[in-house]
Amino acid sequence: MTEKDFISNSLEIANLKEGKFTWKTPSNIALVKYWGKKAQQIPENTSISFTLDACFTLTTLEFTKKKNQIGSFEVYFEGVKKDDFKPKIAIFFERIEKYCPYLSSYDFIITSRNSFPHSSGIASSASGMSALALCVMSLERSLNTKIDDDYFYKKASFLARLGSGSACRSVKGSVVVWGNNKEISESSNLYGIEFPYTIHQNFKNYHDTILLVDEGEKQVSSTVGHQLMYNHPFAQQRFKQAEENIVKIKEILQNGDLKAFANLVESEALTLHAMMMTSNPYFILMKPNTLKIINKIWEFRKETNLNLCFTLDAGANVHLLYPENEKEQVNNFVVTQLIKYCQNNHYICDRIGFGAKLKN
Ligand code: PMV
């Protein structure tokens with residue numbers, strides 16, 4: 001599908017006065033990372049992620065036909081009116097207006113909450129923007145009932161991408177690929193797709209325990225972060241490596257080789273941070289406790305020969321990834337040896353989920 005396929009003419013089709021939709025949408029954790037983008041939120045390289053389950057956003061979009069010319073929207077987050085959230089959402093609405101011209105006929109009230117603490121250092125833009133995109137698509141489908149599920153989810157992911165790149169991987173499916181890689185059929189730079197091959201049983205119920213090493217706001221916003229890849233001395237090599245890693249992980253996810261999985265996922269995490277350390281301006285987003293945890297994981301793996309591995313986002317928190325049949329030993333390891341490195345002893349137990357859900 002091309003960009004033009006997402007321009008709607010639904011405004012003409014129905015006359016809907018008011019309504020509301022609620023979507024629950026997950027966060028996701030990238031295995032092969034997206035870091036660097038072109039105009040229009042087009043990624044420099046393909047990425048792939050596990051959809052999470054316990055970390056989600058619940059958003060209601062209420063709409064009423066506009067009474068006067070000037071459209072408006074209000075935002076409430078966890079029960080509190082949040083004017084400081086409006087600029088990001090206003091940019092999102094501006095970006096998607098071309099594809100959703102019916103939006104200009106309505107006033108909106110957006111009510112949202114996260115299952116995880118806002119200041120936990122867990123990015124909420126993926127779940128937040130995908131929730132909003134899905135609510136918009138529910139409105140579009142009420143105006144044009146001919147829209148089928150395939151188009152609905154593709155366009156939701158397309159719109160979510162315009163809000164926050166990785167949000168397009170938080171719409172549908174447990175393992176999601178975003179970016180055009182010729183070895184992944186139907187993959188696209190415009191939207192995320194469900195990993196289109198059979199995933200090995202070893203990845204069923206895969207766990208992600210998030211160790212909250214640093215609960216503050218992100219030190220480097222992803223907007224700034226992606227810009228660090230412009231004129232980065234290693235950028236082209238990195239983009240090439242990511243495409244090669246996509247091909248490798250495609251095999252791993254099918255053959256269930258957990259040792260190869262750990263190797264690739266950890267290398268991706270450290271590469272992401274290496275890109276930040278070698279850009280200008282440069283950043284170290286890991287904290288001393290991040291490194292302590294990583295070393296503990298490596299010791300633990302050596303001693304037990306289990307498959308626990310880690311990945312990192314653009315921050316200090318550590319995601320522990322492990323299979324279902326190792327959960328008891330890993331939980332014991334977390335409680336006895338790792339919690340002490342978490343700020344306020346906080347951590348979140350999550351696992352691979354199934355994607356967004358309509359709640360009404
Ligand atoms: O979606 P953004 O613009 O917030 O970028 C996300 C970037 C990483 O989380 C670091 C990697 C990824 O692929 O999710």
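The mean positions of the 42 positive and 38 negative charges of the chain lie 1 Å apart. Lys and Arg are counted as positive and Asp and Glu as negative, while His and the chain ends are not counted; each charge is placed at NZ of Lys, CZ of Arg, CG of Asp or CD of Glu.

The model is predicted: local features need pLDDT of at least 70, side-chain atom pairs count only at pLDDT 80 or more, and totals for chains, interfaces and linings use all residues. Residues are numbered from 1 along each chain as its sequence is written, and side-chain values use heavy atoms, with hydrogens and water left out.

Eight helices and 14 strands make up the secondary structure of the chain (DSSP runs, H or I of at least four residues for helices and E of at least two for strands, numbered from the N terminus). The C-alpha trace spans about 65 × 45 × 40 Å along its principal axes. Of the 360 residues, 54% are buried (under 20% relative accessible area, with a 1.4 Å probe and protein chains only).

The structure has zero disulfides, a disulfide being a pair of cysteine sulfur atoms within 2.5 Å. The sulfur of Cys135 is too far from its closest counterpart for a bond, and Cys309 is in no disulfide either.

Definitions and conventions
Buried < 20%, exposed > 50% of the residue type's maximum accessible area, 1.4 Å probe, protein only.
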